Amino acid sequence: MLTALSLVIGALLLLGLAAVPLAPRAAGARLVHGGCVAACVLLVVLAIWALLAGGGAVLALPFGPPWGRALLALDGLSAWFLLVLGVTGAIASLYAMARPPARPGAVPPYPLFLAGMVLTVAAADAFTLMFGFEVMSLASWALVAADHAQAENRRAARLYLMMAALSAACLVPAFGLLAGHAGGFSFAALRAAPPTGWLAGGVLLLGLLGAGSKAGLAPLHSWQPMVYPAAPSHVTALMSGAMAKVALYVLARLLLDLCGPAQPLWWGVPLLVVGAVSAVLGALRATLEDDTKVLLACSSIENIGLITIGLGLALAFRGADLGPLAALAAGAALLHILNHGVFKTLLFLVAGSVLASAGSRRLDRLGGLIHAMPVTAGCALVGIAAAAALPPLSGFASEWLLLQALLAGWRTGDIGFQVLAAAGTALAAMATALAAAAMVRLFGLVFLGRPRTPRGAGAHEVGRLERWALLIPAGLTLLLGLLPGPMLALAQPALMALLGPAAMAPAQGFALLGGTGEAAAWYLPLALLAALAVAGLLVLLAVRARSPLETRRGPVWNGGFINAPDYLPFGDPLSQPSAGGFAQPLRSMLGTSLLAARQRVDMPRPGETRAAGYTASFADPAFGWLVVPAARLRDAVAKRCETLRDFSVRRCLSLGFGTLLALLALLAWLEAH
Amino acid sequence: MQTLAGLLTQALHLALVLLAAPLVVGCTRWLKARMMGRRGAPPWQPVRDLAKLLRKRPVLAENASLVSEAAPYIAVVTTLVALALVPSFAQGMAFAPLGDLLLVAGLLALARVALVLAGMDVGTAFGGMGAAREVSFSAFAEPALLVAVLSFAILAGSTNLDLVAATFRDGQLGLRVSLALAAIAMLAVALADNARMPVDNPGTHLELTMVHEAMLLESSGRHLALWEFQAALKLELWLALLAAVFLPFGTAAAGAGPLAWGLGLLAWLVKMAGLTLALAVFESAIAKMRVFRVPEFLGAALLLALLAAALLFVSTGLA
Amino acid sequence: MGKLPYDIAHLLGGAMLLLSFVLLYQRRVQAVINAFAVQGGVLALAAAWQANMQGVPELYLTALIAFVAKAVLIPLALRAMLRRLDLHRAVETALGIGTSMMAGVAVVALAILVVLPITAGARAIAREDLALALSVVLLGMLMMITRRNAISQVVGLMSLENGLVLAAVGAAGMPLVVELSTAALVLVVFVVAGFFVFQIRERFDSVDTAALESHRGEGAGDGWRGEGAGDGWRGDAGQDGQRGGAGQA
């Protein structure tokens, strides 16, 4: 199994090399992406095999860092994330086969990106993990930077590189602290010597910063809405569906597995807080953005936040010796990782199809696409319903589990944590409702209503292969919504890897279980679907029996508004809700306080002839507080460094000499202690 | 035997709620009219309205999509299934194990999304405005509801509606400040979700109305009938939910036999009548608030629910 | 079983707390006075109930004083004053309603956290009662801080005093409850009287009504020019067109 896995990684690397000559031709690009589809399907098979058969074996590759060999292993946790990676990767690659990226430069890094993620997930020592992580970061940077003709893409790529450097700069010391304490790099060695005291606190902080910035947790989330739109659609889908999950894998591996089961209750608190803040902030931004991909990126921040809440609760429950509840929270997080991976991939691909077919990402230039692109609209409807956490779709199942875990937060007995969990419940519920608002807004403005531009009116349905690339994830979203119980049973080894061998998945047969013992609440999606179907049939028959007349079409009533003049073939654009107009209530209600939203109405006095104006804007606080000062600091440092260039040879040499002496002194000091 | 009784009570429950739904709306309107010094239409007027609307031929806008046609069915069906989960005269019905409060909230959210999408389908200004406001209010109502549910979960140890109701009926909970606070929070959410008085005016049927009706402007015939029926079902659902949780007295057990069911039915009718009267009095006494005061209203509900939970943390910590 | 009497006392305390929140939530002076009157009534009920429960007839006197003074006389006087002076009716807040509600919840949480450890050993419900009373006191104080309007500040003070009386009547065997509550009432009456005198002098010293105008919430000409941020709800009238006006109809 592990040999096969390492062969897949090798094949992906070779594919990346082969892509360099193949990429300029469309058929070549198709071939490369087709190879990626095959590799990803193989990954799915391997992951399911590992989850069912259980794999504790470690494979030592014949090469590695100078002090040892690279280790690969596929335990439950790795296999679960490999499954997510394989599924989203296969879908995204299939889409890329149907619609190869416009720039040939975006083809070769793609297999490398996949290989890096697989290596990260399958690594069994800290070095291999970090190596895979960096390959992933650099390859995805190359993908983001592929379309570097536009200035904003260059900016996005630069910001992304900085963020990647930051996460490496935090994760390397985090693993370094662990390894220094344990005296070895393999996970087994790290697990054997769990950190305590300030060391553990340092690992927690650095791990949260490093993995959190990659996953897009507040306050280090501001790169996502800039970077995601810059990359080609299938890459964006993979970044949101898989790469953010790989970052969460690192977080879960580091905090729940490698730091040992003996960590206290408060370890969950930072994750809970950060997750809740990200969830609300991301969802609120998603309701305000007017670019489909940016909107989806913000929705990703929200979902990553929810998953982090689940991981934090799992840590806290484990610290309070509440094993079943820890399994509930971790199960919610794992299930949501898979569900979100699938439906967010679907939604990004839909955004890509809409961009290609209707020519825009901006909500204000789209509209009425349900008539031109019915299949895409149907898939999008499935995706937004799942993202809005509506039963019986997949998003609801995992968020149901998560809310059940939050509602059980009071069982820890610590009043501070109880209050936090109650506040977390409120915030998670608010994030869910806001996400529903954002998704409804997305679908309503893009697919419903009337076209807003001639270009949008000329949209057409996507091709056959691309249609399959949308239909498959839509079908998977439906299936995952109906079968959360079996999926959690499949995730059982992952739960055991996270929480110890006693962990039991919060599922029984086809049902999900919230809570423990007799008083557990049940969620049975199949029964729900059956009830809905039967009731729907009966209502339909009853209504049609009483009301047999067929519908007639007529001009729109619109509260008695007169029709638009002939020179406005799509109707008066102002009589249709715009992206800003739909967001206006929430911008006023929440945006002013949370996102510093401003709106300004410029109304001329009667008699004045200038036009009235309305402007609205908002700013993410994290950007102003964090990114701008960081950029200023970078500039200051750069300016300082510039002065070095004017140094004479003697002073340059003395700098090097001084550094050498300082290092030697440090060595002497370390040896003395 | 147990399953048979469960199935029988479930079927009776469904028939009961279907019959009672238009009457709840009709009674509220009639009582309000009486209190305002008008004679008012008889309580069964909504039934007549529905029958009339069903007879009419529905007209759809030229650019309406399948969403306009399917959404009313989806909304009615989800609300109906949610209502089937809320106990009325008997507990332990066949669907009781499914009857989870989060699921009820999720089903209501599904119905809401169907309504909002129908409002946006034709792309009219009013529909979009109503849709935007509806989803904005839900962002405040959902957390208040969930935190109120947290209070029940602490007391009953579960979010299963049947278990919560049974605990509140049989358990020696006494009068709890926290429950009173949670009840107020639930009431506020119920008013907002049903587009009732301080949040939205259900009496108007014009374009000037703000939220709920604005999304229905384009529907007619059986679609409008379905939407009206869904609104009636939703109002009944919330009243039944409040009755089941906060007034759990007199509810029969499913296996207790027809006599106990009859008593439970009587108790349920009395409770529903009382709640309807309370709603009518409240709506007659109070004025509609401005749209942008609604977040404050629902935010206050959320804070009260949080306070209720905090008080419960204290008392459970002491016990 | 004897649990119900305690439950009712507890519930009355909870109602007091709820009314404190209502006081914080109201925007109009009239409604603030009404809510205060109701709170006085509930306080009277609570005192009477305690008298009944503890068998201390003096507490009936406290209840009577509370009812007559706080539920009837002081609200009437305040309302009369409001009419005569034609004070502007909207409560001016130093802190937004939402923010002050949040602060209120935080204050109550603090009260709970403070009361619980120091009353270890008492019955659970008695401890909660004490926490409720302290919360009422703190919320009264919060109201005094967060409102600019003098009447609201006075009401805050009186609500604070209500909390004190609630704590006093709730603690069984506390001596001099009646005397204490009377003394506190006298103090409050002095403050109210002083406030009236002060207000009247203010009123006749200043003839600048324009200064008053600028405080009115519903300036007809200025509202629709308002720009977003703080009180920007009105700013959307421009975008909403005719329905902004219709909505308020």
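Figure 1. A pair of aromatic rings is described by the distance of the centres and the angle of the planes. For A:Phe81 and A:Tyr249 the ring centres are 5.2 Å apart and the planes stand at 65°, so the pair is edge-to-face. Rings of Phe, Tyr and Trp (its six-membered ring) pair if their centres lie within 6.5 Å; planes under 30 degrees apart count as stacked, over 60 as edge-to-face and the rest as tilted. A:Phe81 belongs to helix α3 (residues 76–98) of chain A and A:Tyr249 to helix α10 (residues 233–258) of chain A, so the pair ties together parts that are 168 residues apart in sequence. Helices (H or I, at least four residues) and strands (E, at least two) are DSSP runs, numbered from the N terminus.

The model is predicted: local features need pLDDT of at least 70, side-chain atom pairs count only at pLDDT 80 or more, and totals for chains, interfaces and linings use all residues. Residues are numbered from 1 along each chain as its sequence is written, chains are lettered from A and ligands numbered from 1 in the order in which they are written, and side-chain values use heavy atoms, with hydrogens and water left out.

**Figure 2. An aromatic cluster in chain A.** A:Tyr160, A:Trp223, A:Tyr228 and A:Phe348 form one aromatic cluster. Within this group, the rings of A:Trp223 and A:Tyr228 have centres 6.1 Å apart and planes at 85°, so this pair is edge-to-face. A:Trp223 is buried, at a relative accessible area of 1%, and A:Tyr228 is buried at 0%. Over all chains, a search of the whole structure finds 11 aromatic pairs.

**Figure 3. Packing of helices α3 and α4 in chain B.** Two packed helices are described by the angle between their axes and the distance between the axes. Helix α3 (residues 66–85) of chain B packs against helix α4 (residues 101–121) of chain B at an angle of about 165°, with the axes 8 Å apart. Axes are lines fitted to C-alpha atoms, for helices over the stretch in contact, and angles run from 0 to 180 degrees between N-to-C directions. α3(B) and α4(B) are therefore roughly antiparallel to each other (angles under 35 degrees count as roughly parallel, over 145 as roughly antiparallel, 65 to 115 as roughly perpendicular and the rest as oblique). The contact involves, among others, B:Ala71, B:Ile74 and B:Thr78 of α3(B), and residues including B:Leu107, B:Ala111 and B:Ala114 of α4(B); contact means heavy atoms within 4.5 Å. The residues of the contact of α3(B) with α4(B) comprise 15 nonpolar, 3 polar and 1 charged. Here Ala, Val, Leu, Ile, Met, Phe, Trp, Tyr, Cys and Pro count as nonpolar, Asp, Glu, Lys and Arg as charged, and the others, Gly among them, as polar.

**Figure 4. Surroundings of A:Ala426.** A:Ala426 lies in helix α17 (residues 415–447) of chain A and is buried, with a relative accessible area of 6%. Leaving aside residues up to four places away in sequence, A:Ala426 touches B:Pro143, B:Val147 and B:Leu302. A:Ala426 and A:Trp267 are 159 residues apart in sequence and 21 Å apart in space, C-alpha to C-alpha.

**Figure 5. Cis peptide bonds in chain A.** A cis peptide bond, with omega about 0°, joins A:Ala218 and A:Pro219. A:Pro219 is placed in the loop between α8 (197–215) and α9 (224–230) of chain A. The peptide bond from A:Pro391 to A:Pro392 is also cis, with omega near 0°. A:Pro392 sits in the loop between α15 (374–387) and α16 (394–407) of chain A.

**Figure 6. Positive phi in two loops.** A:Asp321, a residue other than glycine, has a positive phi near 60°. A:Asp321 is found in the loop between α12 (292–319) and α13 (323–358) of chain A and is exposed, with a relative accessible area of 69%. B:Ala195 has a positive phi of about 55°, although it is not a glycine. The loop between α7 (177–193) and α8 (221–246) of chain B holds B:Ala195, which is buried at a relative accessible area of 8%.

Note on methods
Buried means under 20% relative accessible area, exposed over 50%, partly exposed in between (1.4 Å probe, protein chains only).
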